[in-house]
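Hi everyone, thanks for coming. Let me put the model up on the screen, and then we'll walk around it together.

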Amino acid sequence: MPQKELDQAVQARVEKWVRSDIQSLKAYQVADASGLIKLDAMENPYTWEEELKQQWLAEMQQQSLNRYPDPSGKSVVAGLKEVFGIDQRYDVLLGNGSDELIQIIIAALAADNLTVLSPEPSFVMYEMIAKFLRVNYVGVPLGNDFTLDLTAMLDAIEAHQPGVVFLAQPNNPTGNLFGEEKVRRIIEASPGLVVVDEAYLAFAESNALTLLADYSNLVVMRTLSKVGLAGLRLGFLVGHPGWINELNKVRLPYNINQLTQVSAQFALLHYNQLAEQITQLVVDRERLFESLQQLEGITVWPSQANFLLFRSLTVPAKALHQALIKEGVLIKCLDGAHPLLTGCLRVTVGAPAENEAFLKVLSALLS
Ligand SMILES: *Cc1c(COP(=O)(O)O)cnc(C)c1O
């Protein structure tokens with residue numbers, strides 16, 4: 001068949017068979033960061049020190065890839081329990097990033113009448129994955145300064161009876177914690193499962209693991225991505241064995257590859273080096289916050305994560321975003337992503353020189 005005819009035939013089949021709601025979606029956009037100072041994706045800017053890196057490479061050298069990896073990642077789970085102080089009475093489910101865990105949770109509960117609910121703006125994958133799996137999604141707007149509007153949340157839970165509620169603590173993209181009391185009230189009011197997503201826990205003063213003992217409908221989700229291992233793709237879900245057993249049935253076999261398992265075990269054995277980097281990033285976050293606060297034309301919100309949300313009051317956010325790219329700095333533009341985020345941008349805390357470069361360019365653009 002000539003290529004042109006073949007292309008048209010493919011298009012016709014796609015239009016007939018791919019769900020129309022999928023066809024009208026846009027694929028998740030990841031900006032091209034080549035040559036730019038990359039402050040858009042909440043990555044840790046630091047790598048391991050050379051000596052540790054050599055040790056890791058030596059371990060890697062001993063691996064072979066002809067066999068499937070351990071199906072449940074037992075050794076990784078043991079390492080996670082040790083480093084993060086996870087009580088033996090809870091089980092841990094590993095995901096290819098916590099994104100995959102969100103998918104597993106919704107897939108296991110997906111039914112015609114399932115509703116997934118979360119405050120918004122929050123992490124976009126909750127809504128996207130709900131849509132992929134054809135379940136209802138309800139977003140409940142946050143209140144003033146992105147605090148959790150407890151009354152609105154409780155009313156929405158009452159009205160929609162969600163099977164899953166996602167609460168990101170700290171929240172992305174706003175950086176704040178909703179507070180334990182509100183989280184408890186939501187868990188208590190929820191008929192179904194509540195997932196507290198602690199992707200940014202390392203940068204915050206919080207810990208939902210302590211709540212597990214009080215509630216039968218809570219699971220806690222975490223990831224190694226934001227603490228310095230985004231390239232590994234390892235998320236984990238901690239919960240009562242009853243929940244984890246069921247969710248595990250939906251997990252695809254061997255979802256955590258051999259190189260990730262070995263690297264994660266190694267990383268957990270040497271977690272102190274990541275912990276030091278995190279301590280530094282928290283100090284630098286406060287510096288960056290203070291510097292942004294001093295800039296004319298900017299409102300910045302305090303953050304308990306490794307990023308800061310700010311609003312541009314004079315220069316339109318999209319123009320500012322583009323101008324920053326032109327000057328070699330990539331951050332995330334959130335203008336248009338949600339009504340509450342009008343004029344907003346999000347910058348990840350980088351190494352001091354990167355933060356300085358960002359501030360220098362930004363203040364030049366604002367003046
Ligand atoms: C980044 C992020 C995740 C996903 O992280 P993975 O890299 O898939 O582990 C989950 N939740 C929130 C709130 C995030 O910001």
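Around the ligand we find G97, S98, D99, F123, N172, D197, A199, Y200, T223, S225, K226 and R233, each with a heavy atom within 4 Å of it. Before going on: this is a predicted model, where local features need pLDDT of at least 70, side-chain atom pairs count only at pLDDT 80 or more, and totals for chains, interfaces and linings use all residues. Residues are numbered from 1 along each chain as its sequence is written, and side-chain values use heavy atoms, with hydrogens and water left out.

Now some polar contacts, meaning pairs of N or O atoms within 3.5 Å. With Y200, a side-chain N or O atom is 2.6 Å from an oxygen of the ligand.

D99 also belongs to a helix contact, with heavy atoms within 4.5 Å: D99, I102, Q103 and I106 in α5 meet M125, Y126, I129 and A130 in α6. By class, that is six nonpolar, one polar and one charged; Ala, Val, Leu, Ile, Met, Phe, Trp, Tyr, Cys and Pro count as nonpolar, Asp, Glu, Lys and Arg as charged, and the others, Gly among them, as polar.

How do we describe such a pair? By the angle between the axes and the distance between them. The α3 (residues 50-61) and α11 (residues 258-269) axes come within 10 Å and cross at roughly 145 degrees, on a scale from 0 to 180 degrees between N-to-C directions, with axes fitted to C-alpha atoms over the stretch in contact.

Conventions
Helix = DSSP H or I, 4+ residues; strand = E, 2+ residues; numbered from the N terminus. Polar contact = N/O pair within 3.5 Å; in protein donor to acceptor, adjacent residues only side chain to side chain.
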